[in-house]
Amino acid sequence: MPVYVIGNFLIYCLINAFTPGPGNILALNTVTNYGWQRGKPLFFGIFAGYYVVQFLCAVFVYGVSAFLPDLQDILKYIGAAYILWLAVHIAISQPEQNSVDRAASFTKGFVLQFVNIKIYMFGITALTGFVVSYSTSFVVLLLFELIIATIGTIATCTWIGLGVLIQKLYSKYYRVVNIILALMLLECAYSMLQ
């Protein structure tokens, strides 16, 4: 694979991973509401889900592309509905000071990634647009999906870091921040359905 193709692949991955998406926005919202320590289970769920979904993308691109269009349509609508629910939940949420929160769970972060059509499209587009022309080996496809998941995890960590930086400010202006985050999620859901 030529170096310029790898460079384009990485640029595509960085832009895609660092733009707002359901996982990044949920991570930011969680850290601003509950802090790093209480949000860790959710963050690790997001990370684990990212790797599992990218593995599934490699499997799909490798062998089951005939079934992918039907699955994408189903996931698109399920994902959009979940993202809309998440947007409403974030818009109406308030910072919680001392409660034990069940919302920041590993399972919630993990499941989010299975309905996050953005990362499916990210993984599939990256493979079909940059890799498949040079190799259709499952090992190669999986390697590139692991790179994508790692870049995505780094991007989510960046959003978590941003949340840590604005946490004190957030407690003062939580309503404005939550509305902005909810609007970003609404845009994600809207763009999924286009």
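**Aromatic pairs and helix contacts in the predicted model**

Thr153 is buried, as its relative accessible area is 13% (buried means under 20% relative accessible area, exposed over 50% and partly exposed in between, with a 1.4 Å probe and protein chains only). The structure is a predicted model, in which local features need pLDDT of at least 70 and side-chain atom pairs count only at pLDDT 80 or more, while totals for chains, interfaces and linings use all residues. Residues are numbered from 1 along each chain as its sequence is written, and side-chain values use heavy atoms, with hydrogens and water left out.

Thr153 is placed in helix α6 (helices are DSSP runs of H or I with at least four residues, strands are runs of E with at least two, and both are numbered from the N terminus). Residues up to four places away in sequence not being counted, Thr153 touches Phe47, Tyr50 and Tyr51 (contact means heavy atoms within 4.5 Å). Arg175 also has its place in helix α6; with a relative accessible area of 32%, Arg175 is partly exposed. Between Arg175 and Ser93 there are 82 residues of separation in sequence and 8.1 Å in space, C-alpha to C-alpha. Not counting residues up to four places away in sequence, Arg175 touches Ala91, Ile92, Ser93 and Gln94.

Gln113 belongs to helix α4 (residues 106-114) and is buried, its relative accessible area being 1%. Gln113 lies 65 residues from Ala48 in sequence and 8.8 Å from Ala48 in space, C-alpha to C-alpha. With neighbours within four places in sequence left aside, the contacts of Gln113 are Ile46, Gly49, Tyr50, Val53, Ile119 and Tyr120.

Aromatic pairing was examined next. Rings of Phe, Tyr and Trp (its six-membered ring) pair if their centres lie within 6.5 Å; planes under 30 degrees apart count as stacked, over 60 as edge-to-face and the rest as tilted. The count by this rule is 10 aromatic pairs. Phe9 and Phe130 form an edge-to-face pair, with 6.1 Å centre to centre and 80° between the planes. Because Phe9 lies in helix α1 (residues 3-18) and Phe130 in helix α5 (residues 117-131), the pair ties together parts that are 121 residues apart in sequence. Phe9 and Phe130 are both buried. A further edge-to-face pair is formed by Tyr62 and Phe138, at 5.4 Å centre to centre and 65° between the planes. Tyr62 is in helix α2 (residues 22-63) and Phe138 in helix α6 (residues 138-192), so this pair ties together parts that are 76 residues apart in sequence. Tyr62 counts as exposed at 51% relative accessibility, whereas Phe138 counts as partly exposed at 26%. One aromatic cluster is formed by Phe9, Tyr12, Phe122, Phe130 and Phe144.

The axes of α1 and α5 come within 11 Å and cross at roughly 170° (axes are lines fitted to C-alpha atoms, for helices over the stretch in contact, and angles run from 0 to 180 degrees between N-to-C directions). Helix α1 is therefore roughly antiparallel to α5 (under 35 degrees counts as roughly parallel, over 145 as roughly antiparallel, 65 to 115 as roughly perpendicular and the rest as oblique). Among the residues making the contact are Phe9 and Tyr12 of α1 and Phe122 and Phe130 of α5. Of the residues in α5, 11 of 15 are buried, and the helix is mostly covered; the buried residues include Phe122 and Phe130.
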